[in-house]
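Please read the numbered points below with the model at hand.

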Amino acid sequence: MADEIRYEYKTVRAVRGTDGRVISKMEKDGWELVERAQGTLRSTLEFRRPKKPVPWRLIGGVAAVLVILAIVIGVGAALSGGGGKKDESGKSAATAGGKPSAAPTPTPAGSAATQVITRRNNPEFAALLKADSCGDANVKFAAGHKGDTVAFDGSIVNMAPHGDYDTRYDLLLGPGDKGPNTAAGPAFKYEDVNIAELNLTGSKIPATVSEGDTFRFIAKVGEFNAVQCLFFLEPVSTQVR
């Protein structure tokens with residue numbers, strides 16, 4: 001039937017504790033939650049929304065214009081193919097007048113060391129650490145500082161095995177010392193890491209880590225997943241506090 005509503009579907013897997021944020025974000029984009037499978041560590045959320053009708057008349061009009069343009073260009077190329085003389089001088093603009101062009105001057109490499117971004121030296125990062133985990137501040141910071149290094153005092157909000165591995169984990173990190181009770185700031189995530197890759201430092205280095213542990217995290221900025229409201233980082237070092 002012409003009036004039958006057709007839907008598009010999307011499946012989103014959310015880390016425990018971020019379901020509400022993900023659902024709110026999706027609903028703002030027009031998605032409707034149709035099913036939720038609650039797991040011990042992750043939730044699987046099924047969404048749908050009506051498909052937008054395809055503007056066939058507009059597509060047909062654009063196609064017709066493209067065909068006409070192709071014909072005009074072809075005719076123009078055929079008419080301009082003859083009568084012209086090729087430049088056989090073999091001289092490039094660089095050697096015009098018998099003088100070779102100067103070689104480009106190489107740009108010297110910067111000597112200053114890259115500064116680690118902290119809440120004290122970067123107001124944008126300070127604001128991010130207090131912002132909503134799904135807010136635009138996450139998008140802007142990730143886009144403007146991808147690959148940069150940040151440092152912040154935080155804690156492990158959630159820790160789960162990565163896939164079927166026993167020694168590789170997905171860690172959800174939050175600013176501050178509240179662990180699983182963290183309510184503000186980005187949902188930082190280390191994905192598919194083992195304990196050694198955290199590069200633990202400090203006077204008393206633990207054999208492993210767990211939810212609620214507090215550290216000084218130094219990490220490289222990665223992507224921000226706006227659907228899952230997850231801000232991905234890569235660990236550089238993890239100092240025990």
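1. The model is a predicted one, in which local features need pLDDT of at least 70 and side-chain atom pairs count only at pLDDT 80 or more, while totals for chains, interfaces and linings use all residues. Residues are numbered from 1 along each chain as its sequence is written, and side-chain values use heavy atoms, leaving out hydrogens and water.

2. Four helices and nine strands make up the elements of the protein; helices (H or I, at least four residues) and strands (E, at least two) are DSSP runs, numbered from the N terminus. Their order from the N terminus is β-α-β-β-α-α-α-β-β-β-β-β-β.

3. Of the 241 residues in the protein, 31% are buried. The protein exposes about 15900 Å², of which carbon and sulfur atoms supply 55%; accessible areas come from the Shrake-Rupley method with a 1.4 Å probe, and for residues only the protein chains shown count as cover. A contact means heavy atoms within 4.5 Å. Among contacts between residues at least 6 apart in sequence, 59% join residues at least 24 apart.

4. Helix α1 spans residues 19-28, and its buried residues are Asp19, Val22, Ile23 and Met26. These residues lie on the same side of α1, because they cover an arc of only 95° around the axis; the arc is that of the directions from the helix axis to the C-beta atoms. An α-helix has 3.6 residues a turn, so residues three or four places apart point the same way. The packing partners of the buried residues of α1 are β1 (7-15), β2 (32-38) and β3 (42-50). On the face turned away from the buried side, α1 carries the exposed residues Gly20 and Lys28.

5. How many salt bridges does a search of the whole structure find? The search finds nine, a salt bridge being a side-chain nitrogen of Lys or Arg within 4 Å of a carboxyl oxygen of Asp or Glu. One of them joins the side chains of Arg49 and Glu8, at 2.9 Å from N to O. Arg49 lies in strand β3 and Glu8 in strand β1, so this pair ties together parts that are 41 residues apart in sequence. Arg49 is partly exposed at 27% relative accessible area, and Glu8 is partly exposed at 28%.

6. Another salt bridge, at 2.5 Å from N to O, joins the side chains of Arg241 and Asp177. Arg241 belongs to the segment after β9 (230-240) and Asp177 to the loop between β5 (169-175) and β6 (188-193), 64 residues apart. Arg241 has 40% relative accessibility and counts as partly exposed.

7. A salt bridge also links Glu191 and Lys189, whose closest N and O atoms are 3.3 Å apart. Glu191 counts as partly exposed at 41% relative accessibility, whereas Lys189 counts as buried at 7%. Salt bridges with shared partners join Asp153, Asp177, Arg216 and Arg241 into one network.

8. A nonpolar core is a set of buried Ala, Val, Leu, Ile, Met, Phe, Trp, Tyr and Cys residues joined through side-chain atoms within 4.5 Å. The largest such core has 27 residues, of which Phe125, Leu171, Tyr190, Val209 and Phe231 touch the most other members. Its largest share, five residues, comes from β8. A second, separate core of eight residues includes Ala14, Met26, Leu45 and Phe47.

9. In strand β5, seven of seven residues are buried. Tyr169, Leu171, Leu173 and Pro175 point one way from β5, and Asp170, Leu172 and Gly174 the other way. Strands β4 and β5 pair in the antiparallel sense over seven bridges, where pairing requires that DSSP finds at least two bridges between two strands. Strands β5 and β6 also run antiparallel, joined by four bridges, and Tyr190 in β6 is the bridge partner of Leu171.

10. Thr238 is placed in strand β9 and is buried, with a relative accessible area of 1%. Leaving aside neighbours within four places in sequence, the contacts of Thr238 include Leu198, Leu200, Phe215 and Phe217.

Note on methods: Buried < 20%, exposed > 50% of the residue type's maximum accessible area, 1.4 Å probe, protein only.
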